[in-house]
Amino acid sequence: SRPPPRRGRGRGRRDNRDNSRQRGRNTFWNRNREESGKIVQEAFDRIHQVWEPAGKVTKVTLERESAPYVFGRDGQTIRKISKASDCDLAMTEGSQEILVGGEEEHRKAAASYINFVSRQRNGPILEEYIKLVDRKDLTLLSVDTKFKGFIVGKMGRTLRSLETTSGSLCFFASVTNSNRDDVKDGEYLFILSTNVQNRRIAELMVMSMIDARYPGTCFEGYPDPENIDDRDSTCRMKKDVLTRLPGDVDPEGFEYEAIDAPPNSIQYLMGSMGSSKKKIRMASGTALEYIRRTAYIGGPKDKRDLCKRMIDGMLVTLKRRTKAMAEGGRDDGSGVATHPFDVRGQNEYITTVVVPKGLAGFCAGRGGTSFRDIEQRTDTYLFINKHSEQCHDPYNDQDYMADPVDHYTIPQKDGLYDIVIMADTNKKRAKALENIAELIKRQKYALEAYDAKIEEYNQDAKEKEGEKKDDDGEDDANMQEEPNNDDKSQDKQSEQQQQQQQQDAKRILREDWPDHL
């Protein structure tokens, strides 16, 4: 007894066909331009307000067939080119013109990136060596053909993710007519970006992907070169793995440095989906990648030191959590340290907010969620440290203190903690500081300059100490006067006692007298 079929099935099919036809009409050329224009509205505003008055705007016209390909789905490709070239690119859907705003060198780079993307739709790209030799925004990475498939990924998703993470433009192309031994004819991974740091990040990421799949390809075991399969071993980069064009020169002071993490710590340093690694990389401004349990850090010396200090901070937190779990306790994940972590020597890259312990836990959030959110939005590294002048450089005008709004108290040093904000630029730290200020405002606290607040507390302490001395002086004076008062009271008491004795004697005499008297 099956139920009869529902009426209107044909009508539903017709509706579906109509919807599919409508979706087919909703193409790059006939979408609602008002909605798509919102995607690049910020870029248009910056071009009109910043670059047009300075005369630093270039217009690039595309072929009709290439325009949708360059724009990408919801403008993803055009934004990727903008990030790689460090320019503002504005293009609306249905248009063949791109406005490029920025410095001249960056605008030329953006135009060449647009040309490369347009050529990809016509098949493999062949580029002569002579056209690449002087480029300062290109890094070539030699990749074996068997590695190409998993680097590109299904539907190109792996390569697109690599571009998004590193801020570069990546694709495979062939170099021809090369007479050099270091750059031979063949297929290479082209990594394009005006920022050399972004290119080095992409380069390290690709080598890490290859070595994870085929150990020993780009890195060798250290100190045992044959130990290539142990995932918890250390390693070093092979000497002949890098390819450098004459124009692809590292900035002054840029070097790669390898440091070995303790065993069983690399998973914690990586974080979920590589979140902790990305956080440290963005906050320190370095090229950071973990291969097995060796951290490769690329950048100037001061930023490499900053990156190593952040890694040390994470290792200290890991050690504290492991100890708490071993003792049967539970770490709340807020990052409140029971012992101070030494941050001396990094005063140029840190901003400190001194707060009471309860407020420190509130700012960190349950399990440190508030800190993780701020770090993701501001590209900084945050942790809570025990307040100690022995483990911190002298506090200066970049440091702050949380001051209660509705009451006045002089804080005790034993109950103070430092919220440490670490980043390579003042702009990043300022953004994080604004977020911290919003959090403590909910608890009726306000940020005050540390030096000024400490001076105010010291002044108040001196005044209270002076008042105490005055009170002690008055007490001493009263003590000196009190002996005279005691003598008078004793004299008065003796007189009263004499009078009482006389009255008692008279009463006794009366009782002994005869009745008739």
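Here are some questions and answers about this predicted model.

Me: What should I know before reading the numbers?
Reply: Residues are numbered from 1 along each chain as its sequence is written, and side-chain values use heavy atoms, with hydrogens and water left out. This is a predicted model, where local features need pLDDT of at least 70, side-chain atom pairs count only at pLDDT 80 or more, and totals for chains, interfaces and linings use all residues.

Me: How many helices and strands does the chain have?
Reply: Helices (H or I, at least four residues) and strands (E, at least two) are DSSP runs, numbered from the N terminus. Going by that, the secondary structure comes to 17 helices and 17 strands.

Me: What percentage of the residues counts as buried?
Reply: Buried means under 20% relative accessible area, while exposed means over 50% and partly exposed is in between (1.4 Å probe, protein chains only). Of the 517 residues of the chain, the buried share is 42%.

Me: Which residues touch the most other members of the largest nonpolar core?
Reply: A nonpolar core is a set of buried Ala, Val, Leu, Ile, Met, Phe, Trp, Tyr and Cys residues joined through side-chain atoms within 4.5 Å. The largest one has 34 residues, and those touching the most other members are Leu89, Ile98 and Phe190.

Me: Which element gives the most to this core?
Reply: Several elements each supply at least two residues, including α5 (76–85), β3 (97–101), α6 (104–120) and β7 (186–192). With six residues, the one that gives the most is α6.

Me: Which residues is Leu89 in contact with, beyond its neighbours within four places in sequence?
Reply: Contact means heavy atoms within 4.5 Å. With those sequence neighbours left aside, Leu89 is in contact with Ala43, Ile78, Ile81, Ser82, Ile98, Leu99, Val100, Ala110 and Ile114.

Me: Which residues of α5 are buried?
Reply: Helix α5 is mostly covered, with seven of its 10 residues buried. After α5 comes Asp86, with a positive phi near 60°. Back inside the helix, the buried ones are Thr77, Ile78, Lys80, Ile81, Ser82, Ala84 and Ser85.

Me: Why does the pair of Phe219 and Tyr296 count as tilted?
Reply: Rings of Phe, Tyr and Trp (its six-membered ring) pair if their centres lie within 6.5 Å; planes under 30 degrees apart count as stacked, over 60 as edge-to-face and the rest as tilted. The centres of Phe219 and Tyr296 are 5.5 Å apart and the planes are at 55°, so this pair is tilted.

Me: What parts does that pair tie together?
Reply: Phe219 is buried, at 0% relative accessibility, and Tyr296 is buried too, at 6%. Since Phe219 lies in β8 (residues 219–222) and Tyr296 in β12 (residues 294–299), the pair ties together parts that are 77 residues apart in sequence.

Me: Which residues do ring pairs link into a cluster?
Reply: A search of the whole structure finds eight aromatic pairs. Ring pairs make a cluster of Phe116, Phe171 and Phe190.

Me: Which ring does the charged end of Lys146 sit over?
Reply: A charge sits over a ring if NZ of Lys or CZ of Arg is within 6 Å of the ring centre and within 35 degrees of the ring normal. Arg213 lies over the face of Phe150, at 4.7 Å from the ring centre. For Lys146, the distance is 5.2 Å from the centre of the ring, and that ring belongs to Tyr214.

Me: Which strands are the edges of the four-stranded open sheet?
Reply: Two strands pair if DSSP finds at least two bridges between them. The order is β4-β6-β7-β5, with mixed pairing. Each edge strand pairs on one side only, and the edges are β4 (126–128) and β5.

Me: What angle does α10 make with β11?
Reply: Axes are lines fitted to C-alpha atoms, for helices over the stretch in contact, and angles run from 0 to 180 degrees between N-to-C directions. An open sheet of three strands has the order β10-β12-β11, with antiparallel pairing. Helix α10 (residues 196–213) packs on this sheet, touching β10, β11 and β12, and its direction makes with that of β11 an angle of about 10°.

Me: Why does Tyr395 count as buried?
Reply: Tyr395 sits in the loop between β14 (381–386) and β15 (400–404). Among the residues it touches are Thr352, His387, Asp418 and Tyr450. Tyr395 counts as buried because its relative accessibility is 11%.
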